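Please read the following report with the sequence and the structure open beside it. It looks at aromatic rings and then at a pocket.

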Amino acid sequence: RSGVAAGSDEADDLAERHREMIGQLFACTHSMQVCLGQLYVQDTRFSAYFDALEPGLSVWLSDVIDANAQRHGIDPAKARWE
């Protein structure tokens with residue numbers, strides 16, 4: 001809602017907080033997080049949930065995760081569940 005752009009320091013911090021939250025359930029690498037972000041967009045159950053909270057949230061979250069992963073040397077197009 002505040003216009004945080006993917007790739008910004010603030011967005012990267014949010015992506016890391018998301019990864020830490022997922023990390024409470026299982027070890028989550030940046031590559032695995034990209035796979036989750038893809039799922040948030042591609043699976044209508046996830047996208048409906050996120051987009052009900054805020055229209056476009058699923059795509060924004062996936063974009064933020066991808067940009068943060070790139071900063072950590074991960075190519076989102078080649079991300080794998082490790």
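Phe46 counts as partly exposed, since its relative accessibility is 32%, where buried means under 20% relative accessible area, exposed over 50% and partly exposed in between, with a 1.4 Å probe and protein chains only. This is a predicted model, in which local features need pLDDT of at least 70 and side-chain atom pairs count only at pLDDT 80 or more, while totals for chains, interfaces and linings use all residues. Residues are numbered from 1 along each chain as its sequence is written, and side-chain values use heavy atoms, with hydrogens and water left out.

A pair of aromatic rings is described by the distance of the centres and the angle of the planes. Rings of Phe, Tyr and Trp (its six-membered ring) pair if their centres lie within 6.5 Å, and planes under 30 degrees apart count as stacked, over 60 as edge-to-face and the rest as tilted.

| Pair | Centre to centre | Angle between planes | Class |
|---|---|---|---|
| Tyr40 and Phe46 | 5.7 Å | 45° | tilted |
| Tyr49 and Phe50 | 5.3 Å | 75° | edge-to-face |

Tyr40, Phe46, Tyr49 and Phe50 form one aromatic cluster.

The lining of the largest pocket is made up of 4 nonpolar, 3 polar and 2 charged residues, where Ala, Val, Leu, Ile, Met, Phe, Trp, Tyr, Cys and Pro count as nonpolar, Asp, Glu, Lys and Arg as charged, and the others, Gly among them, as polar.
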